[in-house]
Amino acid sequence: MSIRGKNGEGEEIPLTGFKSSSWPAIVLQPGVSGLDLPPFDLHTDDSPNLDGSMFRGARAVARQVLLPVFVYGIDRRTLRDFKRKLANALNPKAGYCVLTFVEQDGIPRRLQCYYTGGMEGNESADTAGFSWISYGIQLNAVSPWFYSDTQQAASWSFGTAQPFLGNPFFPVRLDDGTPSSSTLTVDNPGDIEAWPVWSITGPLKEFEFTGPDGTRFGIPAQAGGADCLQSGRTLTIDCRPGYKTVKDDQGTNYFPLMSSNPSLWSVPSGTSTFQTDLVSGSGTPTVKMALDPRYASY
């Protein structure tokens with residue numbers, strides 16, 4: 001286990017094991033909490049005539065993580081220098097921290113957190129000494145899910161089959177100037193839904209993607225039969241929460257061209273299907289899809 005500050009771009013600080021014999025060092029203590037299933041808010045309705053409540057839905061909320069650590073050095077100066085280094089890594093004004101967990105299978109899981117407290121310092125006899133100090137570092141994972149280092153991706157074009165998430169399935173087949181509809185099966189290896197990022201290269205006259213839940217988004221046919229996406233232009237549709245953008249490679253915003261009430265849908269965990277309906281222009285358009293699986297625990 002390790003921690004890396006400054007939006008994951010800072011120096012990695014190991015919390016378990018020793019990668020070198022250099023001092024000072026930081027050691028994770030017993031009492032770590034908040035690393036398994038995140039907390040949830042339940043949405044319920046009460047009825048004046050019935051016992052209990054009716055369940056309406058659930059939402060995972062921010063995860064609170066506690067890391068009890070023991071910091072020690074060869075002398076007072078090295079301890080002070082290391083405390084400053086750790087404080088700079090945790091400073092939320094410099095960005096989030098990335099906790100990395102690697103089990104015996106060698107597959108890393110990463111959790112993004114913001115420091116909220118625990119390193120204020122206490123010089124009492126049982127929490128600090130001349131060359132050591134203990135902290136209970138408190139972190140807030142505003143996005144409560146773990147991520148892997150592997151992004152799942154696939155691409156389709158004229159008659160070229162590509163695997164998606166390790167399983168081959170039919171490509172999106174586009175006929176020049178005529179509609180093409182395909183129902184595709186995908187497998188999300190994560191524990192919960194994942195939000196895809198689409199990259200579509202023209203020419204296209206119109207398109208619509210329908211998700212597993214029946215919601216859809218797309219760009220309808222334009223007046224006069226012009227291409228909605230010109231040849232050589234790449235349209236990126238970012239479905240991730242906090243992004244939700246529809247722009248091409250030149251920064252042009254295509255959201256005003258979208259069909260009414262578009263839903264930039266997610267891919268649920270496990271196996272599901274979605275549908276593509278496209279009308280190409282005079283050329284060879286391509287469709288790419290990428291997503292980052294999310295996990296409930298490391």
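A search of the whole structure, which is a predicted model, finds 11 salt bridges. Three of them show how charged side chains meet here.

Start with Arg-4 and Glu-12. Their side chains form a salt bridge, with N and O 3.2 Å apart. Arg-4 is partly exposed, at 27% relative accessible area. Glu-12 is partly exposed too, at 27%.

Next comes Glu-193 with Arg-294. The closest N and O atoms of this salt bridge lie 3.4 Å apart. Glu-193 sits in the loop between β14 and β15, while Arg-294 belongs to strand β22, so the pair ties together parts that are 101 residues apart in sequence. Glu-193 is partly exposed, at 32%. Arg-294 has a relative accessibility of 10% and counts as buried, because the cut-off for buried is under 20%.

Arg-216 and Glu-208 form another salt bridge, again with closest N and O atoms 3.4 Å apart. Arg-216 is partly exposed at 41%. Glu-208 is partly exposed at 24%.

Now look at the fold. The chain has 1 helix and 22 strands. Strands of a sheet pair through backbone hydrogen bonds. Five strands build an open, antiparallel sheet in the order β11-β21-β15-β18-β19. β11 and β19 stand at the edges with a single partner strand each, so one side of each has no neighbour in the sheet. From one strand to the next, the twist averages 15°. Within this sheet, β15 and β18 pair over 5 bridges. Ile-200 has Leu-235 in β18 as its bridge partner.

Finally, take the whole chain. Of its 298 residues, 40% are buried. The chain exposes about 15,500 Å², and carbon and sulfur atoms supply 49% of that area.

Notes
Residues are numbered from 1 along each chain as its sequence is written. This is a predicted model: local features need pLDDT of at least 70, side-chain atom pairs count only at pLDDT 80 or more; totals for chains, interfaces and linings use all residues. Side-chain values use heavy atoms; hydrogens and water are left out. Helices (H or I, at least four residues) and strands (E, at least two) are DSSP runs, numbered from the N terminus. Buried means under 20% relative accessible area, exposed over 50%, partly exposed in between (1.4 Å probe, protein chains only). Accessible areas come from the Shrake-Rupley method with a 1.4 Å probe; for residues, only the protein chains shown count as cover. Two strands pair if DSSP finds at least two bridges between them. Axes are lines fitted to C-alpha atoms, for helices over the stretch in contact, and angles run from 0 to 180 degrees between N-to-C directions. A salt bridge is a side-chain nitrogen of Lys or Arg within 4 Å of a carboxyl oxygen of Asp or Glu.
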